[in-house]
Amino acid sequence: RALHSRELARLERLGAPASRCLVHRYALDASSSRDQVREQVRQEARNLRDRGCPELALELLTSLGEDESEGGLPAVLAVELAATWIALGENSRARRIAHDLASRRDRSARADLARLRGQLAWADRDHVAALRHFERARALGGDTNGEGLFARARLLFESGRDEEARRLAGEVRAGRHGELPPRLLTNFENIGAMSAFRLGRVGEAIESLRRRLGEAQQSGDKFHEAGVRINLATGLRRSGELERAVEQFQAAERLYEEEGYLPGLAQTRAQLGGVLRESGRLADAEPMLISALEMRERLGDHAGSAAVRGMLGLLHAEAAASIDELALAWRELREGTKSRDAELLLARLDEQRARIGVRAKSEAVRLEEGKVDDPRVLLALARAHALRGRGRHARALAERARGRAYELSRSGEVAEAEFLLRHVRVETTVGEAPAVD
């Protein structure tokens, strides 16, 4: 104890990071006050992971484990250690911790075990199983920090139940589900805004976000302000106002950079890279996407990393990359995320093949054209059909793209669809030359 006391005093004099001081404070505190220190340790471990330093979180938590006289970390910190292993890509180690928690006779550990199983399922992108485990943790009285509620919102959003997702996000904002961490509240706002956009309520969503931006700026909450700016930028992007979207993304990027919040910075740079690519600024987009990819890999976000690789593939498509490069990028994107960008990349890949007159030797997945509602995808498919001489199909797709782009107020895509409709002829014979004037 004397050694811990002296070392703690020395570190505090030097202004050492909290993670280094907490190890000694944890060893010194009596059991009556240790719960408070455990909570400080848990928060510090999360902060370290958020800032892209899972190795430091691992060092903090394993140091505490060595100091435990009872053998092993308490359940609440064991879950944090497992989350750290997940961030490092070591899911098997996290599963071993889950097995250890399952073998403990401590009934209070059951809620923590259910929460850990939810985190593992979430890492495996099995959101249905994750929701089941989080709700069990909540039923057992565990503190899930709203993870189960967010899993439900995410499932609603990914299954296309936008009205329900939007309603749940509104309930959370109104406080009907209790107090939740500020960063989780921002995630709910993201889902609410994205659902509104998909429902075609772009103008309504943008006006609502502008009001929330004013609220966030008045409160001085930089995390909330950055989240609102990202949503506002997304709305402007969908409305075809790309330069204003870039301004909002850049403002969000500065806020996250000031706070040192790596997950937010990675998300912002990925989306900023996407809108720069759409604006034709490929040289500016590439470093943004590469930076986002490096950060997501650093955070252990494997699905997010695959998504950014796919976005880089879209950039290569704009730069007329090879068919092999595009096919590889599409596979990365398809395996990592359910994002609509996977559909877009597959459509662009088909368009590139049409341009050079080749067909795929084999394709594991083909787009169901009747179910596509993204005007960008519809336009790429229309161009591919036109290049292959299928003018009737091309015009039908261009008509659908124009109608959908009107609904979303995306003037650039409306103009592109009208260009195709002016220049694509309906074929009159089978196998005629490409039906483009």
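A: Rings of Phe, Tyr and Trp, the last by its six-membered ring, count as a pair if their centres lie within 6.5 Å. In this predicted model, the structure holds three aromatic pairs.

One of them joins Trp122 and Phe150, with 6.1 Å from centre to centre and 40 degrees between the planes, an arrangement classed as tilted. Trp122 belongs to helix H7 (residues 109–123) and Phe150 to helix H9 (residues 147–158), so this pair ties together parts that are 28 residues apart in sequence. Trp122 is partly exposed, at a relative accessible area of 23%, whereas Phe150 counts as buried at 13% relative accessibility. Together with Phe188, Trp122 and Phe150 form one aromatic cluster.

Another pair consists of Phe223 and Tyr256: the ring centres are 6.4 Å apart and the planes stand at 50 degrees, so this pair is tilted. Phe223 lies in helix H13 and Tyr256 in helix H14 (residues 242–259), so the pair links parts that are 33 residues apart in sequence. Phe223 counts as buried at 15% relative accessibility, and Tyr256 is buried with a relative accessible area of 5%.

Helix H13 (residues 222–238) also packs with helix H15 (residues 262–278), at an angle of about 15 degrees and with the axes 11 Å apart. Because angles under 35 degrees count as roughly parallel, H13 is roughly parallel to H15. The crossing of H13 and H15 is left-handed. In this contact, Ile230, Thr234 and Arg237 of H13 meet residues of H15, including Gln267, Gln271 and Val275. The residues of the contact of H13 with H15 comprise two nonpolar, five polar and two charged.

Definitions and conventions:
Residues numbered from 1 in each chain as written. Predicted model: local features only at pLDDT ≥ 70, side-chain atom pairs only at ≥ 80, totals over all residues. Heavy atoms only, no water. Axes fitted to C-alpha atoms, helices over the stretch in contact; angles between N-to-C directions. Helix = DSSP H or I, 4+ residues; strand = E, 2+ residues; numbered from the N terminus. Parallel < 35°, antiparallel > 145°, perpendicular 65-115°, else oblique. Left-handed = near helix turned anticlockwise from the far one by under 90°. Contact = heavy atoms within 4.5 Å. Nonpolar A, V, L, I, M, F, W, Y, C, P; charged D, E, K, R; others polar. Phe/Tyr/Trp six-rings, centres within 6.5 Å; stacked < 30°, edge-to-face > 60°. Buried < 20%, exposed > 50% of the residue type's maximum accessible area, 1.4 Å probe, protein only.
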